[in-house]
Amino acid sequence: MYARVSVRALARSIPSKAIKTTPAPLAYSAKAFSTSALSMDSHKKKERVKVHFPGALDSHFSQVLEIREKMEPIDTFRVMDTDGKVLDKSLEPEVTEEFATKIYKDMLTLNVMDLILYEAQRQGRISFYMTNAGEEAYIGSAAALDPEDEIFGQYREAGTLLYRGFTLDQFMNQCYSNDMDLGKGRQMPVHYGSKALHFQTISSPLATQLPQASGAAYAIKRSGKKNCVMCYFGEGAASEGDFHAALNIAATTSCPVIFFCRNNGFAISTPANEQYKGDGIASRGVGYGMHTIRVDGNDVWAVYKATQEARKIAVEQHKPVLIEAMTYRVGHHSTSDDSSAYRSKKEVEDWKRHDNPMVRMRKWLESKGWWDEARENAHKSTQRTAVLKSFAAAEKRKKPAVSEMFNDVYDKLTPNLIEQKKELEELIKKYPAHYDTSNYAKEN
Ligand SMILES: Cc1ncc(C[n+]2csc(CCOP(=O)(O)OP(=O)(O)O)c2C)c(N)n1
Ligand SMILES: [Mg+2]
């Protein structure tokens with residue numbers, strides 16, 4: 001049942017040689033529970049009669065009591081091997097040098113920015129940070145989107161913003177919560193948002209973005225815009241109830257949304273094998289009757305191709321798609337985590353050495369003659385200088401004006417907010433030693 005749904009759906013929507021059509025798996029029947037004399041073989045010869053129940057229209061009646069635990073695992077689509085070699089010539093990406101190098105340059109810039117901001121947190125200069133190491137290939141998914149597709153992120157997708165043109169100054173201003181921060185200092189570092197770049201502000205409670213993404217996609221469908229929603233989340237977040245609510249409503253109301261799961265093997269210290277028993281997150285997509293793709297999340301071109309096809313389905317057919325990108329989180333979960341407490345350093349080093357998305361993409365670019373050591377060093381060095389410059393400028397700026405904490409909750413200040421604001425102003429005036437506002441921007 002599972003494979004039949006997914007293969008047919010994929011075959012209809014992705015006219016590519018790359019799409020494998022696996023035959024439906026044989027039923028895993030529990031013969032021990034078959035009380036009738038009918039064997040599986042003789043049963044199969046009998047004419048199959050479809051059920052008439054409204055709850056499962058594709059089912060057939062059977063005299064074999066089938067108890068299923070497993071289904072055929074979903075394959076992982078890849079274009080390049082771990083050395084950056086394209087495995088099937090028909091999958092060679094047809095892209096320009098400019099496009100391919102932009103993706104890689106953004107991956108490199110993200111690495112440079114992560115390194116500097118991670119250290120800045122260690123020195124106590126910002127309060128928190130999260131890195132992307134090991135998962136940089138997800139930038140391939142951003143490259144497959146239209147700039148007006150609405151993005152809902154979890155927190156480890158800063159590269160998608162970078163790809164869309166969020167500036168280093170904007171990243172730094174947010175991490176410093178200064179008066180130039182688009183979020184006006186109301187969020188923790190890395191909780192970016194940009195209305196201009198169609199990137200909804202990150203929120204800390206896991207999975208809240210998923211039902212919101214379904215709702216936004218429904219609104220896009222109603223508006224008639226030829227766009228979709230892209231919703232990123234981790235495999236850990238998929239354990240939240242919101243995940244299930246989001247997928248079910250998107251499937252039943254046909255919302256143009258791509259659910260992009262970064263399955264990086266861990267939810268802080270909880271490994272994926274303690275998080276779920278099924279075939280990853282992808283198997284759930286088919287469970288909700290939705291197009292589903294599992295992809296090598298360390299392979300930029302596989303991620304790019306999968307997202308391109310998913311976007312076509314979402315925009316042209318108004319249907320949701322689940323992509324599960326298999327990857328590995330090389331960095332610690334965040335600056336509040338020390339991953340050596342729950343996994344060996346050797347395991348991490350092995351991933352860096354044997355399946356590194358940066359190396360795979362770089363080798364592919366080098367094979368085209370589009371990249372070399374000199375370009376690598378030059379890009380890293382200019383980006384390091386640029387990040388440090390933005391960083392120093394952001395650090396010098398004042399915090400947003402104190403009154404900003406009352407704004408934007410509602411369109412206009414409500415009577416109770418006006419009262420609270422007045423009370424705070426009086427307190428600041430009365431106890432200046434306790435409420436030093438010299439580091440805050442002046443009130444307008
Ligand atoms: C509702 C909720 N529960 C718990 C947390 C604490 N928390 C923050 S991140 C995280 C792990 C999430 O893992 P995953 O979704 O796999 O994303 P990853 O960090 O691996 O990218 C947890 C448990 C939270 N922020 N919100
Ligand atoms: Mg995870």
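His318 sits in the loop between helix 11 (300-317) and strand 8; helices (H or I, at least four residues) and strands (E, at least two) are DSSP runs, numbered from the N terminus. The model is predicted: local features need pLDDT of at least 70, side-chain atom pairs count only at pLDDT 80 or more, and totals for chains, interfaces and linings use all residues. Residues are numbered from 1 along each chain as its sequence is written, while chains are lettered from A and ligands numbered from 1 in the order in which they are written.

**Positive phi in loops**

- Phi of His318 is near 55 degrees, a positive value in a residue other than glycine.
- His318 is partly exposed, with 17 other C-beta atoms within 10 Å; a residue is buried with 20 or more such atoms within 10 Å of its own C-beta, exposed with 12 or fewer, and partly exposed in between, C-beta atoms being placed from the backbone.
- Val190 also has a positive phi, near 70 degrees, and belongs to the loop between helix 6 and strand 2.
- Val190 is buried, with 24 other C-beta atoms within 10 Å.
- As background, most residues other than glycine have a negative phi.

**Arg311 in helix 11**

- Arg311 is part of helix 11 and counts as buried, with 21 C-beta neighbours inside 10 Å.
- Leaving aside residues up to four places away in sequence, Arg311 touches Ala144, Leu145, Cys228 and Ile258; contact means C-beta atoms, placed from the backbone, within 7 Å.
- Arg311 and Leu145 are 166 residues apart along the chain, and their C-alpha atoms are separated by 7.2 Å.

- An open sheet of 6 strands has the order 2-1-3-4-8-7, with parallel pairing; two strands pair if DSSP finds at least two bridges between them.
- Strand 2 (199-200) and strand 7 (291-296) stand at the edges with a single partner strand each, so one side of each has no neighbour in the sheet.
- Strand 1 (residues 150-152) and strand 3 (residues 229-234) run parallel and are joined by 3 bridges, and Glu150 has Val229 in strand 3 as its bridge partner.
- Strand 7 pairs with strand 8 (residues 321-326) in the parallel sense over 6 bridges, with Asp296 opposite Met326 in strand 8.

**Helices 7 and 14**

- Helix 7 (residues 209-223) lies across strand 1, strand 3 and strand 4 (257-263), at about 170 degrees to strand 3; axes are lines fitted to C-alpha atoms, for helices over the stretch in contact, and angles run from 0 to 180 degrees between N-to-C directions.
- Helix 14 (residues 373-396) has Gln383, Val387, Ser390, Phe391 and Ala394 buried.
- The buried residues of helix 14 pack against helix 3 (97-122) and helix 6 (168-176).

**Ligand 1**

- Ligand 1 is surrounded by 15 residues, the closest being Leu206, Gly234, Gly236, Ala237 and Ala267; a residue is near a molecule if its C-beta atom, placed from the backbone, lies within 6 Å of it.
- The shell divides into 6 nonpolar, 5 polar and 4 charged residues; Ala, Val, Leu, Ile, Met, Phe, Trp, Tyr, Cys and Pro count as nonpolar, Asp, Glu, Lys and Arg as charged, and the others, Gly among them, as polar.

Definitions and conventions: Two residues are in contact if their C-beta atoms, placed from the backbone, lie within 7 Å.
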